[in-house]
Amino acid sequence: MKDMSYEEAVEYIHSLYWKGKKTGLEKTKELLDLAGHPEYGKKYIHIAGTNGKGSTAAMLDSVLRHAGYRVGLYTSPYICEYNERIQADGANIPNDALARLTTELSRLVEKMETPPSEFEFGTVLAFLYFKETGCEYVVLETGLGGTYDSTNVIADPLLCIITALGFDHTALLGDTMEEIASAKAGIIKENSRVVFYGDNPEGEKVIASVCKEKNASLSIPDFRQIVVEKPMEAGFEIREGKRVFSLNRQQISYKQRKNLLLALSGSYQRKNAAVVCEAIDVLRECGVEIPEKAVYQGLENVFWQARLEVLSSEPIILVDGSHNPQGMQATLESLREYFPEQRLTFVFGAMADKDLTTMISMLLSMAKKIILTAPALPRAQKPAVLCNMFEEEIHRNGPGDEYAPKLLCTDSVPEAVEYAKNEAKNEVVVMIGSLYLAGEAKNYLRSIPEKD
């Protein structure tokens with residue numbers, strides 16, 4: 001096989017479709033064996049959960065880097081380009097490295113009787129890159145579940161974190177909280193250390209039971225000890241001579257840590273930051289040297305895409321990747337803090353297998369207008385179907401006709417963005433419902449030349 005270009009490498013990775021393939025860790029282990037086990041020799045922080053995995057991973061990555069360590073970060077899905085999934089020292093894997101390592105790894109795949117899925121291949125690719133770049137620590141986010149997720153090949157993680165639990169991917173993980181918690185708890189190893197988000201009695205019972213069975217320690221943050229020192233505020237400021245809309249850095253105290261500035265917007269990030277504080281304390285018990293200054297700097301300077309991210313100031317466009325009821329509830333609570341008493345314009349698009357009825361009901365309480373669209377994926381629900389669902393929900397449980405939001409169907413994400421720019425330019429627009437929607441919106445807005 002000839003050496004691949006970057007474009008050919010990404011196309012090859014996406015061609016390794018997962019559907020219909022047997023779950024388990026066998027193919028990942030086989031490919032790691034062929035690759036000479038690049039996963040060995042690293043200290044891993046393994047993160048599972050339904051919501052907040054990416055934000056938690058990004059915060060820990062930032063803190064560890066500010067403590068002076070070389071850190072690898074593996075997350076999914078990506079927002080704008082595949083490279084985002086694999087980062088070392090805060091930077092995406094470069095195009096040339098991705099192409100070269102994909103070429104090398106694809107030659108090993110030819111020796112396998114059954115090829116790996118895209119995620120299995122990507123996991124091994126990440127391990128190769130982390131070895132090549134000399135990462136000491138790796139923050140490793142599961143893709144789906146925990147027990148059979150390809151990242152679960154690591155044998156002895158330094159720390160396991162399970163973030164907020166909710167109902168998502170129920171066809172694969174189960175439709176009860178106990179089943180979902182059990183799947184996530186699959187990352188817990190014998191004698192390991194575990195931090196669990198908590199706030200979920202059914203899930204906590206399962207995770208505590210698994211920890212006891214595996215002689216693993218369990219830490220749960222006490223969210224009652226979060227004190228908001230500086231509330232969330234939205235407004236315009238002047239940056240480099242330009243009028244820019246921004247969401248301010250909120251400030252909290254948690255236990256002994258006072259006045260932490262959080263770069264990530266949203267009230268839900270306060271609880272994620274508390275989880276990170278607990279994780280840091282556990283890591284210190286393991287002998288990891290993390291100065292307090294690094295904790296403050298890491299939280300103040302972290303960046304994570306599509307979590308109440310401002311895409312445009314004129315008009316005001318925010319994007320949030322919430323794609324299940326629990327995530328959307330957290331986002332809407334944050335929006336109510338930033339924009340009290342205000343009804344907003346939403347651009348909504350989602351995958352057909354999500355709990356659309358619940359999310360639709362939630363949006364109606366804050367919506368002035370709703371622009372319906374669909375990410376360019378076969379799994380996306382058609383805008384016309386979404387429109388019918390919204391109309392049914394309005395008639396059944398929604399606001400009266402005088403408060404019912406105006407509905408508009410668009411054929412694509414770029415068309416929805418253009419409508420928002422032209423017809424809702426004096427309003428706050430929030431794009432929500434899917435990380436794929438967020439990625440398409442960001443890429444489209446980037447393609448438009450800025451006006452002087």
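Asp61 counts as buried, at 3% relative accessibility. Buried means under 20% relative accessible area, exposed means over 50%, and partly exposed lies in between (1.4 Å probe, protein chains only). This is a predicted model: local features need pLDDT of at least 70, side-chain atom pairs count only at pLDDT 80 or more, and totals for chains, interfaces and linings use all residues. Residues are numbered from 1 along each chain as its sequence is written, and side-chain values use heavy atoms, with hydrogens and water left out.

Asp61 forms a salt bridge with Arg65, and their closest N and O atoms are 3.0 Å apart. A salt bridge here is a side-chain nitrogen of Lys or Arg within 4 Å of a carboxyl oxygen of Asp or Glu. By this rule the count comes to 21 salt bridges. Arg65 counts as partly exposed, at 30% relative accessibility. Asp61 and Arg65 are 4 residues apart in helix H3 (residues 53-66), so about one helical turn separates them. Helices (H or I, at least four residues) and strands (E, at least two) are DSSP runs, numbered from the N terminus.

## Salt bridges between separate parts

Arg100 and Glu132 also meet through their side chains, in a salt bridge of 2.9 Å, N to O. Arg100 lies in helix H4 (residues 95-109) and Glu132 in helix H5 (residues 118-132), so the pair ties together parts that are 32 residues apart in sequence. Arg100 is partly exposed at 36% relative accessibility. Glu132 is partly exposed at 42%.

Lys255 forms a salt bridge with Glu278, and here the closest N and O atoms are 2.7 Å apart. This pair links distant parts of the chain, 23 residues apart: Lys255 is in the loop between strand S12 (250-254) and strand S13 (257-262), and Glu278 is in helix H9 (residues 268-285). Lys255 is partly exposed, with a relative accessible area of 29%. Glu278 is buried, with 9%. Salt bridges that share partners also join Arg257, Asp281, Arg284 and Glu292 into one network.

Two strands pair if DSSP finds at least two bridges between them.

Look at S6 (159-162). S6 runs parallel to strand S1 (residues 43-48), joined by 4 bridges. Ile45 has Leu159 as its bridge partner in S6, and Ile47 stands opposite Ile161. S6 is also parallel to strand S7 (residues 193-196), with 3 bridges. There, Ile161 has Val195 as its bridge partner. Which way do the side chains of S6 point? Leu159 and Ile161 point one way, Cys160 and Ile162 the other way, and all are buried. In a regular strand the side chains alternate between the two faces of the sheet.

## A buried loop residue

Thr142 lies in the loop between strand S5 (137-141) and S6. Thr142 is buried, with a relative accessible area of 1%. Leaving aside neighbours within four places in sequence, Thr142 is in contact (heavy atoms within 4.5 Å) with residues including His46, Ile47, Phe119 and Ile187.

## The sheet of 6 strands

A further open sheet has 6 strands in the order S14-S15-S19-S16-S17-S18, and its pairing is mixed. Strand S14 (309-313) and S18 stand at the edges with a single partner strand each, so one side of each is left without a neighbour in the sheet. S16 and S19 run parallel, joined by 4 bridges. Val347 has Met431 as its bridge partner in S19.

## Helix H14

Which residues of helix H14 (residues 413-423) are buried? They are Val413, Ala416, Val417, Tyr419 and Ala420. Seen down the axis of H14, these buried residues fall within an arc of 160° (taken from the directions from the helix axis to the C-beta atoms), so they line one face of the helix. They pack against strands S16 (344-348), S17 (367-372), S18 (406-409) and S19 (428-432), and against helix H15 (435-447).
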